[in-house]
Amino acid sequence: MPVNLAITFTIGVTLGWIAAKIIIPGSHLQSLVIACCSGGNWGTLPLIIVPALCSEPGSPFQKASDCDSKGLSYVSLSLALGNIFIWTHNYCVIERSAKIHKGRFMKNSDLSKIRDADLESSEASCYVVREEDKGEYETLLPSSTKADFEEPKSKNDTSVDAITNSRGRFQEIWNIFKKNAEDVMEFLLTPPTIAAFIGLFVGVIPTFKSLITVEDAPLRVIQSSLKILGNASIPCTILILGGNLTKGIQKSALKPLVVVAITVIRYVLLPICGIGVVTGADKLGFLPESPLFKYVLLIQFTVPPAMSIGTIAQLFEVGEEECSVIFFWTYLIAAVALTVWSMVYISILF
């Protein structure tokens, strides 16, 4: 499943980047297009769909006695791993896009203020030589005149300059490495990512698992409390999604082509790629003989964009209205697309 999610995410990032370069939705929206094409709703919707398939009369998955428990475990793992991808890569991409967009906005406002000030003192500014124009004035001087001002350097000075330059380059490389490491740690220490790591840590180690998750565990109150909160999270998330859709649906200037591109990528190209990936992995013997597990892998290629993307957009105040429009149409089409592709997947698996 981690490999399947990584492949899904990589294909989505690639297709989203190509779509952003072709459509050119705007500098602050390119990251949003990439995020919506790569980060899927790998938790909330599968938590609704998979248990419903297990309890549906006449469903082929209903034959398995442990369909509910295994389906819940598959979807929970999908949710935990998906949050890691969304809150690292997508979080980073949208944050950098927001910083660049806000930086350009501040720069343009500062330039407008400078222009207003220059208009008041235009006569004095005519005699000011800008730093970038000095090179043009130097080219007007004869080469002999410029050479007169340059003092010859000794060999010792040259070696000292070389050592200083090498130290400066090393320090610059070290600063870049340090900054990137701090950024990675910042992205990895987001609350959803920490929760996913803790859940995987407890679930993988049998000692901690026996203390919390089994029926007679001494710390089973933690499991029961988290289960109550988890049952309430799905309707709360759906309500939050509905509230976010009201922003910008009437006043957004988003190109319709952007919505069409994201819809085609999420509901046409990604499912086709998913069938090829899962079928190929099955023929190579990488998958267990569990149709439910294969169905969960296939459905990961078909879900709409993750709701967390809207949260990240609101956090950095970039593309909020456009994100609500994208969510409105993608989740509206998801009702039909998920039904159609589920029929295709079940016909392939059975």
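View 1. Leu211, found in helix H10, is partly exposed at a relative accessible area of 32% (buried means under 20%, exposed over 50%, partly exposed in between).

**View 2. Phe9 and Trp42 form one of the eleven aromatic pairs in the structure.** Their rings are tilted, 6.4 Å centre to centre with 55° between the planes (rings pair if their centres lie within 6.5 Å; planes under 30 degrees apart count as stacked, over 60 as edge-to-face and the rest as tilted). Because Phe9 lies in helix H1 (residues 2-23) and Trp42 in the loop between helix H2 (30-38) and helix H3 (44-55), the pair ties together parts that are 33 residues apart in sequence. Phe9 is buried at 6% relative accessible area, and Trp42 is buried at 3%.

**View 3. Trp87 and Tyr91 pair within helix H4 (residues 67-120).** The ring centres are 5.9 Å apart and the planes meet at 35°, so this pair is tilted. The two residues are four apart, about one turn of the helix, and Trp87 is buried at 11% relative accessibility, as is Tyr91 at 10%.

**Notes.** Residues are numbered from 1 along each chain as its sequence is written, and side-chain values use heavy atoms, with hydrogens and water left out. In this predicted model, local features need pLDDT of at least 70 and side-chain atom pairs count only at pLDDT 80 or more, whereas totals for chains, interfaces and linings use all residues.

Terms used
Buried means under 20% relative accessible area, exposed over 50%, partly exposed in between (1.4 Å probe, protein chains only). Rings of Phe, Tyr and Trp (its six-membered ring) pair if their centres lie within 6.5 Å; planes under 30 degrees apart count as stacked, over 60 as edge-to-face and the rest as tilted.
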